[in-house]
Amino acid sequence: EMIDMYDEYIEKLKKYLSENRFEHSIRTMQMAKKICDRYMIDESAVLAALLHDIAKELTLDEMIKIVGDEYKEDIDNMYTKNILHGYAGSIICKDILKIENEKVLSAIRYHTTGKKYMNDIEKVVYISDAIELGRVYENVENIREEVFNNLNKGILYELNHKIKYLIESDKVIHKNSIEFRNSLLQEIENEKI
C-alpha cells in the first residue's frame, strides 16, 4: 500500500532515470521505510529516499545550470556529478515536482555528503542510499545490522568506511562529510549521558 501513495512520484521519476537507477531508487525507498518504522521517524523520509537520485543521470553541464550559484559556498568548488546531483535533485523536486517540504528537499540535497547536525529525515535518506539491499561492498551487512541497533552508530560506521575508502583512493573528501562525522560523534557521546 506504500507504493500507491507514491505512485505519481514514481511515474515522474521513471522519466528521469535508467532502469537500474530507478530500481536502486525503489530499493532505497523500501530501506527508508524499514528504518522509519524501526525508529518511528516521519515518513516524509520515504518520499525523499524515492526521489534522492532524480538528477543523477543529467550531464554535469545540466546540473551546473540547474544549481546556479545558490549553494556555491556549500559546494566548495567540488563541481562533480557526484556532489551536484543532490543539489540539482532538490531543485527539480521543488520547481518541477512542486514539493514544498523543506525537510524532504534538504534530505535530497545532502544525501551524498551528509552535513553537520543532520535531522532524522536527512539521516534516513543518507544511510538508506548506502545500505539498500542491492548494495554489495565489504562490511555492508555489518553496517546494516548496526543501523538497526543504533542509527547514529550505524551511520558513523558507514561514514568511517566511506572516508577510509576515499583516503585510500586519494580522492577528495567534502568538508560536509567531515563535519557530519564530527557532529555524529558528538551526538553519540551525548546519548551516553
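Me: Why is Asp-170 called exposed?
Reply: Asp-170 has a relative accessible area of 74%. Exposed means over 50%, buried under 20% and partly exposed in between (1.4 Å probe, protein chains only), so Asp-170 counts as exposed. The model is a predicted one, in which local features need pLDDT of at least 70 and side-chain atom pairs pLDDT 80 or more, while totals for chains, interfaces and linings use all residues. Residues are numbered from 1 along each chain as its sequence is written, and side-chain values use heavy atoms, without hydrogens and water.

Me: What makes Lys-98 exposed?
Reply: The relative accessibility of Lys-98 is 60%, and therefore Lys-98 counts as exposed. This residue lies in the loop between α7 and α8, and its phi, near 60°, is a positive value in a residue other than glycine.

Me: Why is Asp-42 called partly exposed?
Reply: Asp-42 has a relative accessible area of 45%, so it belongs to the partly exposed class. Asp-42 sits in the loop between α3 and α4. Apart from neighbours within four places in sequence, Asp-42 is in contact (heavy atoms within 4.5 Å) with Cys-36 and Ile-121.

Me: Why is His-24 called buried?
Reply: His-24 has 5% relative accessibility and therefore counts as buried. It lies in helix α3. Leaving aside neighbours within four places in sequence, His-24 is in contact with His-52, Asp-53, Asp-129, Glu-132 and Arg-135. The C-alpha atoms of His-24 and Asp-129 are separated by 8.2 Å, although the two residues are 105 apart along the chain.

Me: How do you know what span to expect of helix α3?
Reply: The expected span is 1.5 Å times one less than the number of residues. Helix α3 (residues 19–39) has 21 residues, and its 31 Å from first C-alpha to last is close to the expected 30 Å. Its buried residues include Phe-22, Ile-26 and Ile-35. Just after α3, Met-40 takes a positive phi of about 50°.

Me: What makes helix α8 mostly covered?
Reply: In α8 (residues 102–109), 6 of the 8 residues are buried; among them are Val-104, Leu-105 and Arg-109. Their cover includes α4 (44–51), α7 and α9.

Me: What makes a set of residues a nonpolar core, and how many residues has the largest one?
Reply: A nonpolar core consists of buried Ala, Val, Leu, Ile, Met, Phe, Trp, Tyr and Cys residues joined through side-chain atoms within 4.5 Å. The largest has 61 residues. Leu-50 and Ile-35 are among those with the most contacts inside this core. Beyond four places in sequence, the residues that Leu-50 touches include Tyr-6, Leu-13 and Met-29.

Me: How are the residues lining the largest pocket classed?
Reply: The lining of the largest pocket divides into 10 nonpolar, 11 polar and 11 charged residues. Here Ala, Val, Leu, Ile, Met, Phe, Trp, Tyr, Cys and Pro count as nonpolar, Asp, Glu, Lys and Arg as charged, and the others, Gly among them, as polar.

Definitions and conventions:
Helices (H or I, at least four residues) and strands (E, at least two) are DSSP runs, numbered from the N terminus.
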